[in-house]
Amino acid sequence: MAERALEIRSESHTYPIYIAAGLRHQTADILKGLGKSTFSAVLIVTDETVGPLYAEEVAASFADEQPLYICTLAAGEQSKSMETYYELMTFALNCHLDRNSVIVALGGGVVGDAAGFAAATYMRGIDYVQMPTTLLAHDSSVGGKTGINHPLGKNLIGAFHPPAAVIYDTETLYTLPEKEWRSGLAEVIKHGWIQDPELLKVIKDQWLDLSAVPVDVLNDTIRQSIQVKAEIVQLDEREAGIRAFLNFGHTLGHAIEAEAGYGTLTHGEAVAIGMDFAMKLSGKVLGSSLDSEAYNEEMIRLGYDLTIPASCEPETLLAHMKRDKKAAEQKVRFVLLQEAGVPLVRPVEDDTILDLLKEEMTI
Ligand SMILES: NC(=O)c1ccc[n+]([C@@H]2O[C@H](COP(=O)([O-])OP(=O)(O)OC[C@H]3O[C@@H](n4cnc5c(N)ncnc54)[C@H](O)[C@@H]3O)[C@@H](O)[C@H]2O)c1
Ligand SMILES: O=C(O)C(=O)C[C@@H](O)[C@H](O)[C@H](O)COP(=O)(O)O
Ligand SMILES: [Zn+2]
């Protein structure tokens, strides 16, 4: 039986996280070990890139004990939509899933968020298991945030619904294109800046070739990065306070994703730009002396482009930020850094944000 790498104590239950190469072949055994009676049906939700690579192998781990179905979504951010959500619910109903069924989310953060939200709302909530296949999904698969986008903003429709387990087969990551490694690494870098600067050193010293990181380095980095998220979500699952630190880089990042058009930039690319902006804002608002030059240098080494897309207007970005879930009384609230590893949340004046946006976009 696979070893539990970590355990998350959520308000409703404690769930295991398994991290190892090859776990997809043990999916059914791991599910049996969760201590539930057999699931009445299994619905694997995946996307059209991941499905052909891994869905049959996951399905093969189940020995015809219960009906098993595979629902394949279009690949990419566009699938976090109302239309796809509705199709997913119709698919589940046509398969006669009941309250003892389980959804297996096999894919990146898009599949995890969309399938998780379907699980959160199908018959008012059924079990689901996260099987992340991207580096980015080391973040999205943990903590129970599920949801879909609205044209007016990212993840504005959703629910907190922690998974029954996270099964992370890190072997599957080696079919990712380099762009997606980079996207995922942005969330590792985020965890480094908000809580564990040692992670930044690990990336600098050990992540020399983005898509050819040895599997032991990969597993250790993922575990260390999830540890940051785990500590925070266990203290504040529903984001009454410190969970907002995990939103570092997301206030502008989400605004860019929505404004540039979902899928134009990857989530991580947008968050990388957002972290750069939040660091500069930290200097202006808090007088923090963060070494943003060094941040820029390292991000350029890793191949990030930190320019805000020219198609985005500062005023429209600001309007998006005012709809962000952290905003209160029409005031944008930013996650800023006092120093590396010391985040805080502050309301910031519209003019301060607009001035810096214009400066950055040289308007
Ligand atoms: N719920 C949360 O806490 C949380 C946290 C972070 C991000 N997110 C969300 O996650 C989403 C981004 O997730 P993502 O970056 O994984 O995007 P994604 O799911 O779209 O995956 C990126 C691309 O990689 C492909 N892919 C996935 N696995 C692959 C594999 N093993 N081999 C080859 N190709 C593969 C996918 O088909 C897709 O085209 C965003 O919507 C973001 O808002 C949620
Ligand atoms: O888990 C969290 O909390 C995070 O903020 C993690 C983020 O990386 C993630 O992108 C999350 O979906 C953003 O949350 P949102 O509440 O701003 O939609
Ligand atoms: Zn994120």
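Is Cys 95 buried or exposed? Cys 95 is buried, at 9% relative accessibility. Buried here means under 20% relative accessible area, exposed over 50%, partly exposed in between, using a 1.4 Å probe and protein chains only.

Some ground rules. This is a predicted model, where local features need pLDDT of at least 70, side-chain atom pairs count only at pLDDT 80 or more, and totals for chains, interfaces and linings use all residues. Residues are numbered from 1 along each chain as its sequence is written, chains are lettered from A and ligands numbered from 1 in written order, and side-chain values use heavy atoms, leaving out hydrogens and water.

A disulfide is a pair of cysteine sulfur atoms within 2.5 Å. The count here is 0 disulfides. Why? The sulfur of Cys 71 has its closest cysteine sulfur in Cys 95, 7.8 Å away, and that is too far for a bond.

Now ligand 1. A residue counts as near if one of its heavy atoms lies within 4 Å. There are 28 residues around ligand 1, and those that come nearest are Asp 47, Gly 109, Thr 134, Lys 154 and Thr 175. By class, the shell has 7 nonpolar, 11 polar and 10 charged residues.

Look at the atom pairs. An oxygen of ligand 1 is 2.8 Å from a side-chain N or O atom of Lys 80. A nitrogen of ligand 1 is 2.9 Å from a polar backbone atom of Lys 145. Another pair to find: an oxygen of ligand 1 and a side-chain N or O atom of Lys 229, at 3.2 Å. The protein covers 91% of the 860 Å² of accessible area that ligand 1 has on its own. That area comes from the Shrake-Rupley method with a 1.4 Å probe.

Where does ligand 1 sit? Domain 1 (6-175) and domain 2 (178-214 + 238-361) both give residues to its shell, so ligand 1 lies between them. The domain bounds come from an automatic or database assignment.

On to ligand 2. Lys 229 has a side-chain N or O atom 2.7 Å from an oxygen of ligand 2. For Lys 325, a side-chain N or O atom is also 2.7 Å from a ligand 2 oxygen. The protein covers 92% of the 430 Å² of accessible area that ligand 2 has on its own.

Terms used. Polar contact = N/O pair within 3.5 Å; in protein donor to acceptor, adjacent residues only side chain to side chain. Nonpolar A, V, L, I, M, F, W, Y, C, P; charged D, E, K, R; others polar.
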